[in-house]
Amino acid sequence: MGATHHVAADYFDGYSVVGLVAVVGVLFVAVAFGAGQLLRPTAPTPEKLLTYECGVDPVGEDWAHTQIRYYVYAFLYVIFAIDAIYLFPWATVFAADGFGGTTLVEMFVFIGFLAVGLLYAWKKGVLEWT
Amino acid sequence: MILTAEANGFLSPNGVEIVFLLVGVVTLGAAVITVTTRQLVHAALWLVVALGGLAVEYLLLTAEFIAWVQVLIYVGSVVVLLLFGLMLTRAPIGRSPDADSENRWVALAVALAAAATLVTVVADAFRSTWIDLDRSVQGSPEVTGESLFRHWVLPFEALSVLLLAALVGAITLSRRRGADDAPASPKQER
Amino acid sequence: MTSLVQSVDWVAVAPVLVTALTGLAVLVTDLFLAPRHKPLLGWVTIAGLALAALCLIPLTDGDRATFCLTTGDRQCSYVADHFALAVQLLVVGGALLTALLSVTTVRREALPAGEYWFLLLSSAAGAALLPASRDLATLIVALEVASLPAFALVGLRRGDRGSAEAALKFFLSSVVATAVSLLGVSFVYAATGSLHLDTVAGGLDDVDPRLNALAALGVVLTLVGFAFKLAAVPFHFWVPDSYVGAPLPVAAYLSVVGKSAGFSGLALVTVVAFRPYADTWGPALAVLAALTMTTGNVAALRQRPDQPASAVRLLAWSSVGQAGYLLVPLAAAGYHDDPEEMVGATVAYALMYAVVNLGAFAVVALVAENRPGHRLTDHRALFSRNPLAALTMGFFLLCLAGLPPGVIGLFAKVAVFRTAVDSGLGWLAVVMAVNVTIALYYYLKWTALLFATPTTATPTTTPAARATATTAPAAPTPGTATPGAPGQATAPTATGSTVAGSTATAAREPSVPASVPHPLTAAIALAAALGVALSGAPQLILRLASGTLF
C-alpha cells in the first residue's frame, strides 16, 4: 500500500491549486459586485424595492411555509450522503490484496440495510409527490 | 505523528501555518456571527462559512477524507436539512426581534466557561507538540479505508442499523405529524 | 496473499445478530402484510427475542472473542465474557417481557406495528451489543443504536402532544450528552492513541504528564453520556415526562433496558478502560450515586396518588432511585484494590430489578385495562377485584423495597451494600441505608393501597386520595369484579357477569374488556415466576456478585 500514499509535498501542491481557484472565484464575484456598486447610479423608489413577480404586484407574504415532505426528503438525503461517504474509502481498498470478497460483502450488508430503508420509504409513499 | 518541538517555533511559521491561522480566524468570526445574527436564514448561511472553514482546516492538517466528509455531509446536507427545518417554522425572513431569549446571558456565560476550559486544557496539553506534515498523508481515503475495513468493521455494520432506525423513526414521526397537522388550520402567531 | 480482514465468530455475535435481523425481517414483512395479519409481527418479535436468548447458551463458557485486531496485540472489539452474557440476558429478557406487554398496547393504541417492533428490536440489538463491545467506537455506536430508536418509540403515540414533547426533550438532552461523551472519547484517544479499552487502560497508566489534565477531563466527559442513559441525577430530568408521555411498555423498556445500556457502558469504561484514573471517577460516581438515589426517592415520596399517571410517575422516580443503587458498586470499584470484583453486584442487582420492575409495570398495565388513568388510586382495593394480580404486585413492590417475602430484593440490596462497606465508602453505605428506608415508605404505602378495603378509606391513604375515593363512584364490590386473575380470565360465565356488574356499578369506568389479554397475563406470570424462583434460589444471580465477570 505504501506506494499509493501520496507524499505531503504533492498533496499541498495539489490543493494549493484548488485554493487558488477558490480565491480567484471569490475575488471575481467581489470585484464584479464592487465595480457594479461603484459605477451604477443609485436612485431607489418604492416600486423598485418591490419583489419582482413577472411585472405583477406581489401578492401575500414573502415567506412560504413548506410541507414536512421537503424535510423528509432532506433527511433521506442526509442518510444516503452518510452511506455514500463510506463508499469512497471502500472503493480505494476493496480491490487491494488481502481485502477481496469479505470487504465486498461487508459493504453490501451495509448498503443492504439502507436499501431496506429506501424500500420502506417507497412502500410508505414518502417518495410519491401528490 | 506527534513530535516534540525541535525545529519548530512560533516565530518562523511556514505557509501552511499562516493559512491555517487565517482560516481559523475566519471560521471563528463566522461562528460568532451565526449565533449573534438576528436573521435566522443568515445564521444558517454563516454556518456554511464556519463549517466550510473547518473543512479547510482539516485539509491543511492533511486529514483529506474528513475534510470532504465535512463538505459533503455538513455543508452539503445538514445545512439543507437545517434550512428546510427553518422553513417548516413560521419564522419570518428578515430580522426576528424575538430571536434573543432571556437566557442569552446565561448561555453566554456557559459558553465562555466551556470554551475557556477546553481551550486551556487542549492548548496546555499540546503546547509543544507538532504534527509532522511532511510525511505521507495521514488522513487520505486509502488510509481511512484500510483502517476501517481491517479493524472497525463491527461499529461500521452497527452504524447501518443506526442509520436505518433513524430513517424509519423520522419517517414514522413525520408521517404522523403530517397527517395530524394537515387538516388543522394554521395558528396565528403574529 | 494473506488475508488482512478480521475473521468473525458468528456464534459469539449471534444474540446481537439474531435480534437485529429479526428487526429487519419484521420491517420488511410489515410492508407486504395485510393489515389483518399485523398482530403476527408481535409474535415474530417475541420468537426472535426468545431465539436470541437461546443463542446465549452455547456461549456460557464466556471465552469467546471476535472482531480482533489483525496486527499487534490481539485486542478484540467484541468479547462474550460473563459480564457481556449476563447483561445480554438482561437485555434480551427485558425486551422479551416488554414485547409481551406491548402486544396489547400496539393493537389498542393503533401504533404502527412494523415500525414499533422494528424500533424495539433495533434498540434491543444496540443494548445487547453494548456490554460486549470492548472499544470506545463500538461502545458509542452501540449506545446510539440503543437510544435512537427509543426516541421514536417515546414519540409514537398518535396525536398526543405530551408524547411529542417528551420525545423531543428526551432526544435533545440525550444527543447533547452523547456529543459531550464523544468529546471525552476524543480527548482520551488523543492522550492514549487507542480506542480499545485494554490499550486505553495501558496508555492511561503512563500518560505523558503534559497530557494528564486532558486525559482526566476526557475520562470525566466520557462518563456523561452513559450516566445520562442511566438517568443519574444531573441527567435525570427527562425521565418522568418521557415515561408518562411514552406508551407504557416503552416506559417499562426504558426503565430496564435503557438503564442496562447506561450501567454496562459505565462499568466497562470505568473498571476496564479508565482504571488508572480511579481517583478521578471513583469520587465522581460516589457523589452521583448518593445524589441520584436521594433525589429519586424524595421525588417519588412526593407523588400525589390521585394525580393522573401518578403510578407511572412514581415508578419513574423510583427507577431514578434504583439507578443510584446500581451506581454504588461502580463507585466502590473506584476505591477497591480489585475493582472488577465489584461490578458483579451491579449486574446482580440489575437482573433482580429488571424482573420485578417489568412485573410492576405489567400489573400497572393490567390495572389500566379497566381504569386507564395510571393513577395510584386506581390500584386501591385491587385485592378485592383481582387477588392474584394484587398479590403479584405486592410481591414486586416488596422486592423493590427489599423486604421479605421479596427475598431476592433484600439479598441484592445487601450485595450492593457490602461493596460500599468493603471498599471503605461508609458514608455512601449510610446514605443508601437512609434511602432504602425512605423507599420503604412509598412502596409499602402502595402495597397497603392494594389490600385496602374497597369502600372505607384506610389510614394509609392521604386525605387527597380519600377525597377522590369518596367523590368517585365506589369501586366494584368483591363479588362482581374478578376479571384479571391470570389463568382463569377467559372463563365465559365469569366475564359475562363482570361486564354486567361493573357497568352497573361504575358508570364512569370504561367497560371492562371481555378478557384480560393473554400476552399481558403471560408477562405478569413470567415475571412473577422468575421473581419467586430467584427468591427461592437467590444464588442464581448472587453468584455474579462474587468473583470477577471479566
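Predicted model: local features only at pLDDT ≥ 70, side-chain atom pairs only at ≥ 80, totals over all residues.
Residues are numbered from 1 along each chain as its sequence is written, and chains are lettered from A in the order in which they are written.

Chain B holds 6 helices and 2 strands, where helices (H or I, at least four residues) and strands (E, at least two) are DSSP runs numbered from the N terminus, and along the sequence these follow the pattern β-α-α-α-α-β-α-α. An unreviewed UniProt entry places the feature "transmembrane region" at residues 18-36, 43-61, 67-93, 105-126 and 152-173 of chain B; positions from this record are in the numbering used here, feature names are shortened, and annotations may be inferred rather than shown by experiment. Of these spans, residues 18-36 are 100% helix and 0% strand, with end C-alpha atoms 27 Å apart, whereas residues 105-126 are 95% helix and 0% strand, with end C-alpha atoms 31 Å apart.

Turning to contacts (C-beta atoms, placed from the backbone, within 7 Å), 9 residues of chain C are in contact with 9 residues of chain A. The chain C side of that pairing divides into 7 nonpolar, 2 polar and no charged residues, counting Ala, Val, Leu, Ile, Met, Phe, Trp, Tyr, Cys and Pro as nonpolar, Asp, Glu, Lys and Arg as charged, and the others, Gly among them, as polar.

Helix 13 of chain C (residues 340-370) has 31 residues and reaches 47 Å from its first C-alpha to its last, close to the 45 Å expected at 1.5 Å a residue, the expected span being 1.5 Å times one less than the number of residues.

Note on methods:
Contact = placed C-beta atoms within 7 Å.
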